[in-house]
Amino acid sequence: MYNLILYVDCLNGVYSEGASKALQMNEKLLNWGCDVDGAMERLVNDSDCYLKCLNILIKEETFNKLKTGLEKEDADESIFAAYTLKGVLGNLGITPMYEVNNKIIEMLYSKDYSFAKVLFNELMTLKSELQLLIK
């Protein structure tokens with residue numbers, strides 16, 4: 001719904017070039033599998049805030065904490081970091097990363113650190129893809 005409103009406003013000349021770029025970015029994210037509409041609803045349709053949050057996510061230190069926890073096979077550290085990311089990824093509607101992160105959590109509870117590490121690498125690949133999408 002949000003994208004439709006933004007699209008109509010762009011056509012009517014209500015929004016600036018920035019809004020047009022936001023629409024393009026949102027379309028890329030939607031095509032990548034993100035729940036942009038849900039995220040925008042949670043952010044009161046503030047596309048600037050959404051972009052800022054996405055840029056903060058890219059720099060988020062919790063990814064490093066998860067990596068460190070996995071390397072040390074520290075269940076507490078890994079699970080805490082993974083649940084932190086689950087909340088952030090879910091609220092921002094970054095579904096591809098959210099789903100992989102949930103699989104990491106499952107592997108942590110079953111103490112399968114080797115597969116959790118493989119999934120972490122997949123999560124980092126998705127993070128790189130996200131970074132390219134929001135440029």
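# Helices that pack against α8

Modeller: In helix α5, F63, L66, K67, L70 and E71 meet Y113, A116, K117, F120, L123, M124 and K127 of α8. The residues of this contact divide into eight nonpolar, no polar and four charged. This is a predicted model, so local features need pLDDT of at least 70 and side-chain atom pairs count only at pLDDT 80 or more, while totals for chains, interfaces and linings use all residues. Residues are numbered from 1 along each chain as its sequence is written, and side-chain values use heavy atoms, with hydrogens and water left out.

Biologist: What does contact mean here?

Modeller: It means heavy atoms within 4.5 Å. For the classes, Ala, Val, Leu, Ile, Met, Phe, Trp, Tyr, Cys and Pro are nonpolar, Asp, Glu, Lys and Arg are charged, and the others, Gly among them, are polar.

Biologist: Good to know! How are α5 and α8 oriented to each other?

Modeller: The axes of α5 (residues 62-72) and α8 (residues 113-133) come within 10 Å and cross at roughly 160 degrees. Angles run from 0 to 180 degrees between N-to-C directions. Over 145 degrees counts as roughly antiparallel, and α5 and α8 are therefore roughly antiparallel.

Biologist: And what is the hand of the crossing where α5 passes α8?

Modeller: It is left-handed, a word used if the near helix is turned anticlockwise from the far one by less than a right angle.

Biologist: How do you know which stretches are helices?

Modeller: They are DSSP runs (H or I, at least four residues), numbered from the N terminus. The protein chain has eight helices and zero strands.

Biologist: What makes α7 another partner of α8?

Modeller: α7 packs against α8 at an angle of about 165 degrees, with the axes 9 Å apart. That makes α7 roughly antiparallel to α8. The crossing of α7 past α8 is left-handed. On the α7 side the residues include P96, V100, I104 and L108, and on the α8 side they include F115, L119, L123 and L130. This contact divides into 14 nonpolar, one polar and three charged residues.

Biologist: How far apart are E99 and L123, in sequence and in space?

Modeller: They are 24 residues apart in sequence and 9.3 Å apart in space, C-alpha to C-alpha. E99 sits in helix α7.

Biologist: Is E99 buried, exposed or partly exposed?

Modeller: Its relative accessibility is 46%. Buried means under 20%, exposed over 50%, and partly exposed in between (1.4 Å probe, protein chains only). E99 therefore counts as partly exposed.

Biologist: Why does K111 count as exposed?

Modeller: K111 reaches 55% relative accessibility, so it counts as exposed. K111 lies in the loop between α7 (95-109) and α8.

Biologist: What sets the phi of K111 apart?

Modeller: Phi of K111 is near 60 degrees, a positive value in a residue other than glycine. Most residues other than glycine have a negative phi. E73 has a positive phi too, of about 55 degrees, and is not a glycine. E73 belongs to the loop between α5 and α6 (75-91), and its relative accessible area of 45% makes it partly exposed.

Biologist: Lastly, how much of the whole chain counts as buried?

Modeller: Of the 135 residues, 41% count as buried. The chain exposes about 7600 Å², and carbon and sulfur atoms supply 54% of that.

Terms used:
Helix = DSSP H or I, 4+ residues; strand = E, 2+ residues; numbered from the N terminus. Parallel < 35°, antiparallel > 145°, perpendicular 65-115°, else oblique. Areas by Shrake-Rupley, 256 points an atom, 1.4 Å probe, with all protein chains shown as cover.
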